Amino acid sequence: MTVVNDGRDRRLSDNHRVPAIDRMVEILGLLERHEDGLSIQEFVAACGVPRSTVYRILNSLESHAVVRREVKGRYVLGTRLLGLSTRVRRGHGGQDLVALA
């Protein structure tokens, strides 16, 4: 698996990763690319993991405000990410978030 970190790819061995975190990051990446959000069925189709797994990950993320479930059942990125993004440090090729705003 290739992990993108500060714009650079790194190869990590499978035995040094946590599968649940890999799946969570994959789900967040899908939401990053779909501004209108996704349904659980769309996550399952895109990730190829069981519906129950997707549901549990989304439920956990929702409990931390990392994702939000809309009235129609679609999931979108949550407000907790705004707080986290303000703590991103510059350097190592990182972008200045204030300048981007």
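Begin by selecting Ile-27, which is found in helix H1. Helices (H or I, at least four residues) and strands (E, at least two) are DSSP runs, numbered from the N terminus. The structure is a predicted model, in which local features need pLDDT of at least 70, side-chain atom pairs count only at pLDDT 80 or more, and totals for chains, interfaces and linings use all residues. Residues are numbered from 1 along each chain as its sequence is written, and side-chain values use heavy atoms, with hydrogens and water left out.

Is Ile-27 buried or exposed? Ile-27 counts as buried, because its relative accessibility is 1%; buried means under 20% relative accessible area, exposed over 50%, and partly exposed in between (1.4 Å probe, protein chains only). Next, display the contacts of Ile-27, where contact means heavy atoms within 4.5 Å. Leaving aside neighbours within four places in sequence, Ile-27 touches Phe-43, Cys-47, Val-54, Ile-57, Leu-58 and Leu-61.

**Helix H1 as a whole**

Now extend the selection to H1. The end C-alpha atoms of H1 are 21 Å apart, which agrees with the 21 Å that its 15 residues should span at 1.5 Å a residue; the expected span is 1.5 Å times one less than the number of residues. The buried residues of this helix are Ile-27, Leu-28, Gly-29, Leu-30 and Leu-31. What covers them includes H2, H3, strand S3 (67-69) and strand S4 (75-77).

**From H1 to H2**

H1 and H2 pack at an angle of about 115°, with their axes 11 Å apart. Axes are lines fitted to C-alpha atoms, for helices over the stretch in contact, and angles run from 0 to 180 degrees between N-to-C directions. H1 is therefore roughly perpendicular to H2, a term that covers angles of 65 to 115 degrees. To see the contact itself, select Glu-26, Ile-27, Leu-30 and Leu-31 in H1, which meet Phe-43, Ala-46 and Cys-47 in H2.

Select Ser-39, in the loop between helix H1 (19-33) and H2. Ser-39 is buried, with a relative accessible area of 14%. Not counting residues up to four places away in sequence, Ser-39 touches Gly-73 and Arg-74.

**From H2 to H3**

Finally, show helix H2 (residues 40-47) together with helix H3 (residues 51-63): their axes come within 9 Å and cross at roughly 115°. The contact is made by Ile-40, Gln-41, Phe-43 and Val-44 of H2 and by Arg-51, Val-54, Tyr-55 and Leu-58 of H3.

Terms used: Parallel < 35°, antiparallel > 145°, perpendicular 65-115°, else oblique.
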